Amino acid sequence: MDGKRIAFLGDSITCGACLRKGEESYVDRITKSCPRAKVFRYGEPGSRIGSYIGEDPRKIGPSFVERFRRMDKELDIVVVFGGTNDYGIGNAPLGTMAERTPETFCGAWNLLAEGLLAIYPRSRLLFVTPLHRRGEEMPNAFSGAVFSDYVDVIRTAAKRHGAELLDLYAAASLQPNAHYYSTLILEDGIHPGAKGHRVIAGEFLAYLYPNT
């Protein structure tokens, strides 16, 4: 990672939302672990991958599709870590992978991936599946899809566009049936606490440093 420029495009988890003063997010921990790298944090609370159908965008943070063009143009690694808000508070259809529109989840991923590849053709592009969350077995009221359907779209988008995939949803250290999992996620059932961010940072570093 020496001399590398890495950007994390994400939502409130990337922001470190809900952490107490002095507690470190996964981005903070990666920054400390890679002191010779330049780390950019592009987190926006409530941000979804695609559009907000019928909502005033001034009242909700801009989507990933809107924000990625504002990132630094000289990046070696681009990490996209999102999707939980599309399921939890999204009102857009899931769509199909044949679409290219910000108004469906699949279409937005296609636009995002193709846009990133156009700007960063020589960079590593890493898609990250979201963490398990409370109530994920319930269908989204607008799309009718359960959370795992959204996760599968991200896996498919990575394969389709030649991006790398870090599957935090499938990571053994982040499974809800593990006896310690409740100590990693805060009471809202969505945001990781300080211990959770430490585990997430470890997953990232193990992926970026596979031989250590």
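Trainee: Is His132 buried or exposed, and how do I read that?

Mentor: Look at the relative accessible area, where under 20% counts as buried. In this predicted model, His132 has a value of 9%, so the residue is buried. His132 sits in the loop between strand S4 (124-128) and helix H6 (147-161).

Trainee: Which residues is His132 in contact with, apart from neighbours within four places in sequence?

Mentor: For contacts, heavy atoms within 4.5 Å are what to look for. His132 touches Phe147, Tyr169, Leu174, Gln175, Pro176, Tyr181 and Gly189. With Tyr169, the His132 side chain reaches the backbone oxygen at 2.8 Å.

Trainee: Now the helices. At what angle do H2 and H7 pack?

Mentor: Helix H2 (residues 26-33) and helix H7 (residues 194-208) pack at about 50 degrees, and their axes are 8 Å apart. That angle makes H2 oblique to H7. Their crossing is right-handed.

Trainee: Let me try another pair. How do H5 and H6 cross?

Mentor: The axes of helix H5 (residues 105-119) and H6 come within 10 Å, crossing at roughly 35 degrees. H5 passes H6 in a right-handed crossing. On the H5 side you will find Phe105, Cys106, Trp109, Asn110, Ala113, Glu114 and Leu117, which meet Tyr150, Val153, Ile154, Ala157, Arg160 and His161 of H6. By class, the contact of H5 with H6 has nine nonpolar, two polar and two charged residues.

Key. Residues are numbered from 1 along each chain as its sequence is written. This is a predicted model: local features need pLDDT of at least 70, side-chain atom pairs count only at pLDDT 80 or more; totals for chains, interfaces and linings use all residues. Side-chain values use heavy atoms; hydrogens and water are left out. Axes are lines fitted to C-alpha atoms, for helices over the stretch in contact, and angles run from 0 to 180 degrees between N-to-C directions. Helices (H or I, at least four residues) and strands (E, at least two) are DSSP runs, numbered from the N terminus. Angles under 35 degrees count as roughly parallel, over 145 as roughly antiparallel, 65 to 115 as roughly perpendicular and the rest as oblique. A crossing is left-handed if the near helix is turned anticlockwise from the far one by less than a right angle, and right-handed if clockwise. Buried means under 20% relative accessible area, exposed over 50%, partly exposed in between (1.4 Å probe, protein chains only). A polar contact is a pair of N or O atoms within 3.5 Å; within protein, one must be able to donate a hydrogen and the other to accept it, and residues adjacent in sequence count only if both atoms are side-chain atoms. Ala, Val, Leu, Ile, Met, Phe, Trp, Tyr, Cys and Pro count as nonpolar, Asp, Glu, Lys and Arg as charged, and the others, Gly among them, as polar.
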